[in-house]
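Dear colleague,

Please find below the structure that I am handing over to you. My notes on it follow directly after.

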Amino acid sequence: MAAGFKTADPLEYHRSFLKENCRPDGRELHEFRTTTVNIGSISTADGSALVKLGNTTVICGVKAELANPSVEATGKGFIVPNVDLPPLCSSQFRPGPPGEQAQAASQFMADIIESSEMLQMEDLCIERGKLCWSLYCDLICLDYDGNLLDACALTMLAALKNTRLPKVRVNGETGAPEVDLGKRRGLKIRRHPVAASFCIFDDSVLLVDPAAEEEQLATARLTVVTDEEGRLCGVHKPGGTPLSGERLQELIGRATVRQKEIHRLIDKVIKSIV
Amino acid sequence: MPVDTRRVRGPEVSQSPLLFACKPAAVFSSHGPRADGRQRDQVDVRPVFVRCGLVSQAKGSAYMEAGDTKLMCCVYGPRETERKDDTDMKCGRLTTDMRFAPFSCPERGSWIQGSQDKDFSLMLHESLQPALCLHKYPRSQIEVNVMVLENSGSVLAHAVTCASLALADAGIEMYDLVLGCAIRQDGASYVVDPTYAEENGNGSDSSDNQGRLTLAFLPSLNQVSGLQSDGEMTEESLSAGVRTCIEGCYKIYPVIQQALAKAVRRAAPPPSES
Amino acid sequence: MIMSDAIFSRPTHTFDGMMEECSPSTVSIREFGCEQNLLSRSDGSASFIQGNTSVLAAVYGPAEVKVSKEIYDRATLEVIIQPKVGLPSVKERAQEQCVRETCEASLLLSLHPRSSLTLVLQELHNDGSLLSCFLNAGCMAMMDAGLPMSCLFCGVTCAIHTDGTIITDPTAAQEAESRALMTFAIDSKEHQVMMTSTKGSFSVQEMQQCIAVSQAASEKIFSFHRESLRRRYSKSV
């Protein structure tokens, strides 16, 4: 009976839960799903992480390649984040080039890196004007059950924390780089930006960490990115129901708490590996 | 050169640090024990880890690890065919899509599906189709998506196994499971379930009798559904290779059966005594 | 700039197009202006100028929708952003998403089920605050097309300078030397925030200040909306 009700009128189905201040998956309104982080499982990547946020699963592999710095910024390296939503992760995605959602997510990842200054691009420079690292952060969603942005941001952060670059020296005579794959060192992660997503249901009810179905029925979505100093590195609300300043303040408060939780989680996982 | 406008762009050119490595990585030799301690010229497959039903959104899914080779398969459908003009009134359609994550190989791959991925998709299709009762699903399509997370050799063989497991998990009617196994012939000796280095290395001095063989096998019907070989091999070693592969398939058969039984038990727990 | 020159050199008293201007007073936003109904083949069009930033918008629809994109209970809105040079990239796609979801919230899409609406935004010149200009042009074009809307909206961009001062409607040079940039879409009913898109890091207080400033600036744009519509329709009646 319940399954039929859910299919026939999903909106009413969700409302009947929200009336009782709970959600179909048993969570409270302001509760995140269980988050697990697993790092370094892909040996072909220079750094990798797998994050599960409830059912939503995202894997990130960081591959470092050598490149010439751009002419505008001779002392800086590159970091290239891309998000892919393959048809494997949900039936709503088609094969082929990334759709709007994947592209917007890729841009969002690039924005987080730039806004939070989590990594100084100067650190990726090997020799000014000649050689630098280009870090390709490829994020693949393996199971899509909503809240892609939070999962991606966390996976990318964990994978970058796990990344160890080989030692490179530029040969003075030939000018060719010499790479010592045996000696590696980690990246210096200066900030830990963490995203927290919310959605607004029926123009009024606020839900934290929406699942795929909740996301679809919601009238607005919002993602707040905060770092450990409580500064905002991104408030992304791509439209939807208008929100008052006070409401926003409340969400930011929740996002700051989430940042602390996730920061602790990452530290614990990193420590468990070393 | 056409640029990919749907992804975040990095530098124009970048090269893998492997190209500049001081000391080249260990080469694959055709003598002595294998790098991972397995036996040469014996049916010594890597231990496999399989798990069904990890992806919440898919009808059926399977994750497989064999040594460092990690792959994931999701099955969607049977559902209405997408292209109406392709609808077959009598028989269902099987579509396969196999991709490599950009970080899955030692050198970073491109996001755009290459010809190798397409070849693999086709071979996967040919190996799976004979095992499916497609006539039971008229006017519908069954989608099989495989994502290779880490390529450590024998990818196609494991993809076949993983895909058949996911199909079974999805409850698609089949005549039999399909198991895959690969060997690499190198002169007079051979290695079963080769790693990436063994697969691609060119260890032997002689260039005679060098080849690779991947076999898809229906274990309870004792039939071969797919056979793919490249290189140049003598007739005897090819037929011996087929027999070796079949033996290899039987070695992983119990593991697959157990995983499937476990998934079924979880989905439908046996009725309690009371 | 060739294209934009061609448009703005048109006499302002053309047959159906008109040009209006509003000069800044207290909250410092650059001089802005708008011309509606300047394309003959689209169902609604507008060009919006903020200082030197200018955008041309066209709306097509309601029209027939592709079966794959059909939504059974409302119209499908598609937003296409064209940069001045080159092909649209990931950045444009992210902006499209922002504009589309803002428009979806203000349009009464359920009045046109199973049909398609297309909003095309062409960047003519970028001198800062481009996303807000896209929003403003889009809103004007939808008004011109006569699409049913529950409210109007406008876009305001704020930049926080390195010394902490807030600049509304920054130019490209001001954007470059700012440490944070925020764009808001404000609705006309309750002056609340419909959309936010930010760059750089900032404190919560700074953001609240920016919202307050944007809300003040939005008043100005909304009174301009009202004025321009009133003038336009009083002429035709």
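What radius of gyration does chain A have, and how does this agree with a compact globule of 274 residues? Chain A has 20 Å, which agrees with the value near 19 Å that a compact globule with 274 residues would have. The radius is taken over C-alpha atoms, and the globule rule is 2.2 Å times the number of residues to the power 0.38.

This is a predicted model, in which local features need pLDDT of at least 70 and side-chain atom pairs count only at pLDDT 80 or more, while totals for chains, interfaces and linings use all residues. Residues are numbered from 1 along each chain as its sequence is written, and chains are lettered from A and ligands numbered from 1 in the order in which they are written.

Chain A

The C-alpha trace of chain A spans about 75 × 40 × 35 Å along its principal axes. Chain A contains six helices and twelve strands; these are DSSP runs numbered from the N terminus, helices being H or I of at least four residues and strands E of at least two. Among contacts in chain A between residues at least 6 apart in sequence, 67% join residues at least 24 apart; a contact requires C-beta atoms, placed from the backbone, within 7 Å.

The sheet of chain B

Chain B holds an open sheet of five strands in the order 2-3-4-6-5, with mixed pairing; two strands pair if DSSP finds at least two bridges between them. Strand 2 (48–52) and strand 5 (93–100) of chain B each have a single partner strand, so one side of each is left without a neighbour in the sheet. Strand 2 of chain B runs antiparallel to strand 3 (residues 60–66) of chain B, and five bridges join them. Within this pair, Val50(B) stands opposite Met64(B).

Helix 2 (residues 155–169) of chain B lies across strands 2, 3, 4, 5 and 6 of chain B, at about 150° to strand 3. Angles run from 0 to 180 degrees between N-to-C directions, with axes fitted as lines to C-alpha atoms, for helices over the stretch in contact. Helix 1 (residues 115–128) of chain B lies across strand 5 and strand 6 (140–150) of chain B, at about 140° to strand 5.

Between chains

Helix 3 (residues 100–116) of chain A packs against helix 2 (residues 90–106) of chain C at an angle of about 110°, with the axes 8 Å apart. The two helices are therefore roughly perpendicular, a class that covers 65 to 115 degrees (under 35 is roughly parallel, over 145 roughly antiparallel, the rest oblique). Residues in this contact include Phe108(A) of helix 3 of chain A and Arg93(C) of helix 2 of chain C.

Backbone geometry

Most residues other than glycine have a negative phi, and most peptide bonds are trans. The bond from Gly77(B) to Pro78(B) is cis, with omega near 5°, and Pro78(B) is placed in strand 4 of chain B. The bond from Gly61(C) to Pro62(C) is also cis, with omega near 0°. Asp203(A) has a positive phi near 65° and counts as partly exposed, with 13 C-beta neighbours inside 10 Å. Ser129(C) has a positive phi of about 55° and counts as buried, with 31 such neighbours.

Yours sincerely

Conventions
Two residues are in contact if their C-beta atoms, placed from the backbone, lie within 7 Å. A residue is buried if 20 or more other C-beta atoms lie within 10 Å of its own, exposed if 12 or fewer, and partly exposed in between; C-beta atoms are placed from the backbone.
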